[in-house]
Amino acid sequence: MADSSSPWSRLLRRPIDLGWEQLRAPYATALGVCFAVLALRSHARLAQAHLWAEDGTVFLADVLAHGVGATFMPYAGYLHVVPRLLAWGLSLLPIEAFALGLAWLTLGIDAAVFALVARVRCRWLVPHDGVRILAAVALCFLPGTWEVMGNLANLHSVLFYGVMLVALQDLERPLGPADGAVLLAAATSAGEGVLLAPVFLLRGVMRWRAGQPPRAVLGEGAAAVALTVLAGVNMVLFRQSGMAASDFAAWPLPQMAVHLWNTFSVRYVLHPVLGDGGTLSYFRRPLGVQVTVAGGLVAVLVMGLRRVPARQRALLLAACACVFLLIPLTWYVRSGAAGYPTFGAFRDPGVVEDRYMLFALPAGLVLWVAALARFRPVFAAGLCVCVMVLALPRWTFEPWGPERDWARTAHLIREARETPGAEAAVPINPTGWWIRVRGASHPAP
């Protein structure tokens with residue numbers, strides 16, 4: 001066994017031996033750093049704030065037409081309560097402040113969700129506070145964040161990972177009010193959150209077997225019930241919407257298996273370690289090289305996970321398995337999604353901006369961080385730093401699209417709303433999307 005005072009050991013321990021192991025407020029620290037990073041990456045969007053897709057076409061248009069009554073209106077087959085409430089709250093401000101206010105507000109929510117991994121409640125999984133803070137920041141650099149960060153249209157994807165991070169917290173601590181708020185937000189706005197209901201049932205069973213009284217596990221059962229019941233509501237709404245499910249279920253089994261395996265390997269084995277360029281290079285190599293690289297990475301991952309205590313390991317693996325179910329679920333409910341280049345073999349560098357690239361990657365990153373931290377915290381910290389460094393070529397979140405003059409857009413919206421009987425189609429981003437605005441009713445004669 002190596003002497004803990006040897007030069008090599010000191011070299012390994014020194015990089016993060018800065019008093020970060022036990023911090024007084026790790027969540028607040030992670031929240032501040034994540035928010036600052038996301039704001040810096042979004043500086044061009046904040047300087048030229050505008051709207052993206054459903055933020056204008058659905059959420060703003062509906063709140064202008066129906067006010068707070070739009071809160072429980074379904075869209076695309078399920079509820080979006082939190083985005084609609086946020087749109088309603090922002091609509092109470094002058095319309096000129098809507099786009100910029102939305103950008104700041106949603107970036108803050110994104111940062112708050114990613115920072116959940118840094119909470120004291122997650123020390124049982126990754127004991128070093130500094131490593132968990134770096135993991136939270138690394139989540140801000142994953143592929144897919146270009147489209148997902150800073151808008152209401154994709155807020156459901158961020159809330160889904162909030163459910164995952166709540167499910168991974170210490171079993172010795174009951175779910176608290178903040179956990180309940182995250183779960184309620186996800187249950188009413190991210191129908192995919194139901195995939196993690198089995199993890200909360202597992203938490204309840206593990207706590208009960210540990211000798212905790214039944215009332216101590218009620219929160220876990222309530223979480224599973226809330227996620228499931230709201231999913232049932234969404235299932236009914238999806239069927240009523242008339243949206244066509246994809247033909248994924250009819251695919252030949254070999255084709256389905258290849259897509260699932262390639263997607264699994266990218267999200268859980270390759271990309272968290274190799275980044276965009278490394279993963280792209282991997283799929284261009286001969287089969288023998290691919291098998292060697294993947295086999296080596298899997299061996300390291302397995303050895304690290306074997307060092308994670310049994311209960312933490314079981315919960316982490318269950319969460320990662322449930323999160324991966326988001327892939328086939330998306331393929332089923334989104335017609336044609338299974339054929340997107342963001343799934344399967346990673347051969348197109350342009351797909352890293354697509355929101356689907358984020359699917360399951362946060363779980364893969366947490367899996368690797370938890371495994372490497374059991375060797376040395378510095379290894380896990382180094383991985384997080386590498387995730388950030390490898391993402392530098394896509395550091396800046398460019399403006400959403402050609403529509404960048406929100407003052408002009410706000411003027412057109414205000415003018416249409418103040419003109420009795422007027423109707424206007426005001427363009428937003430991406431090209432081809434519009435806000436339908438109607439003026440006040442004609443005054444009575």
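Start with the largest pocket, which has a volume of about 960 Å³. A pocket is an open set of points on a 1 Å grid over the protein atoms alone, where a 1.4 Å probe fits, with protein on both sides within 12 Å along at least five of seven lines. Its volume is the space filled by probe spheres set on the points, which are joined across faces, edges and corners. The model is predicted: local features need pLDDT of at least 70, side-chain atom pairs count only at pLDDT 80 or more, and totals for chains, interfaces and linings use all residues. Residues are numbered from 1 along each chain as its sequence is written, and side-chain values use heavy atoms, with hydrogens and water left out.

Select Ala76, Tyr78, Glu192, Val333 and Arg334, the closest to the centre of the largest pocket among its 35 lining residues (those with an atom within 4 Å of a point).

Next, go to the second largest pocket, with about 210 Å³ of space. Select its lining residues, including Phe264, Tyr268, Leu301, Arg313 and Leu367.

Now turn to the largest nonpolar core, with 145 residues. Such a core is a set of buried (under 20% relative accessible area, 1.4 Å probe, protein chains only) Ala, Val, Leu, Ile, Met, Phe, Trp, Tyr and Cys residues joined through side-chain atoms within 4.5 Å. Select Leu60, Met164 and Phe200, which have the most contacts inside this core.

Finish at Met164. Leaving aside neighbours within four places in sequence, Met164 is in contact (heavy atoms within 4.5 Å) with Leu196, Ala319, Val323, Pro362, Ala363 and Val366.

Terms used:
Buried means under 20% relative accessible area, exposed over 50%, partly exposed in between (1.4 Å probe, protein chains only).
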